[in-house]
Amino acid sequence: MRLLPWTGTDGKACYLSTDDPGSLLSRLADDVEAAQLASAETVLAGARAVLHDDKSGERAVRFALTRAVESLGDALRIAVSRGERIPGRDT
């Protein structure tokens, strides 16, 4: 079972049951993960800029933190998903 990089409409985790990493849904999940990680890099750079700017106001800091929390959640989901797929991993 592969943990997918998105949740269902109810907010619960979605899983894919396949042994084919080249399946259409597996490739879509790979593409979404890559986009999420690229977005996280952009968010991190923006958050750093806000934190290093002494003139950043509360709204900017809150926005940067909100986006950083979202990106961290995505990155953790990706890490868990990939960790679960390591060959020989104990379950």
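Predicted model: local features only at pLDDT ≥ 70, side-chain atom pairs only at ≥ 80, totals over all residues.
View 1. Residues are numbered from 1 along each chain as its sequence is written, and side-chain values use heavy atoms, with hydrogens and water left out. Taken along the principal axes, the C-alpha atoms of the protein chain fill a box of roughly 50 × 30 × 25 Å. The protein chain holds 2 helices and 2 strands, and from the N terminus on these elements run β-β-α-α; helices (H or I, at least four residues) and strands (E, at least two) are DSSP runs, numbered from the N terminus.

**View 2. The surface and contacts of the protein chain are summarised here.** The accessible surface comes to about 6700 Å², and 58% of this belongs to carbon and sulfur atoms; accessible areas come from the Shrake-Rupley method with a 1.4 Å probe, and for residues only the protein chains shown count as cover. Of the 91 residues, 21% count as buried, where buried means under 20% relative accessible area, exposed over 50%, and partly exposed in between (1.4 Å probe, protein chains only). Among contacts between residues at least 6 apart in sequence, 52% join residues at least 24 apart, a contact being heavy atoms within 4.5 Å. The protein chain has 12 positive and 14 negative side chains, and the centres of the two sets lie 4 Å apart. In that count Lys and Arg are positive and Asp and Glu negative, with His and the chain ends not counted, and the place of a charge is taken as NZ of Lys, CZ of Arg, CG of Asp or CD of Glu.

**View 3. Strand 1 (residues 2-7) and strand 2 (residues 13-16) pair in the antiparallel sense over 3 bridges.** Two strands pair if DSSP finds at least two bridges between them. The two strands form a hairpin with 5 residues between them, and Gly 11 in the turn has a positive phi of about 85°. Thr 7 has Ala 13 in strand 2 as its bridge partner, while Leu 3 stands opposite Tyr 15 in strand 2. In a regular strand the side chains alternate between the two faces of the sheet.

**View 4. Ser 26 and Asp 30 are shown in helix 1.** Helix 1 covers residues 24-52. Ser 26 is buried, because its relative accessible area is 2%. Leaving aside neighbours within four places in sequence, Ser 26 is in contact with Arg 2, Leu 16, Thr 18, Asp 20 and Pro 21. Asp 30 has 32% relative accessibility and therefore counts as partly exposed. Not counting residues up to four places away in sequence, Asp 30 touches Arg 2 and Pro 21. Asp 30 and Ile 78 are 48 residues apart in sequence, and their C-alpha atoms are 9.6 Å apart in space.

**View 5. Arg 82 is placed in helix 2 (residues 58-84).** Arg 82 counts as partly exposed because its relative accessibility is 41%. Leaving aside neighbours within four places in sequence, Arg 82 is in contact with Glu 33 and Leu 37. The C-alpha atoms of Arg 82 and Leu 4, which are 78 residues apart along the chain, are separated by 9.9 Å.

**View 6. Arg 67 and Glu 70 are also shown in helix 2.** Arg 67 has 25% relative accessibility and so counts as partly exposed. The C-alpha atoms of Arg 67 and Tyr 15, 52 residues apart along the chain, are separated by 25 Å. Glu 70, at 41% relative accessibility, likewise counts as partly exposed. The C-alpha atoms of Glu 70 and Met 1 are separated by 24 Å, with the two residues 69 residues apart along the chain.
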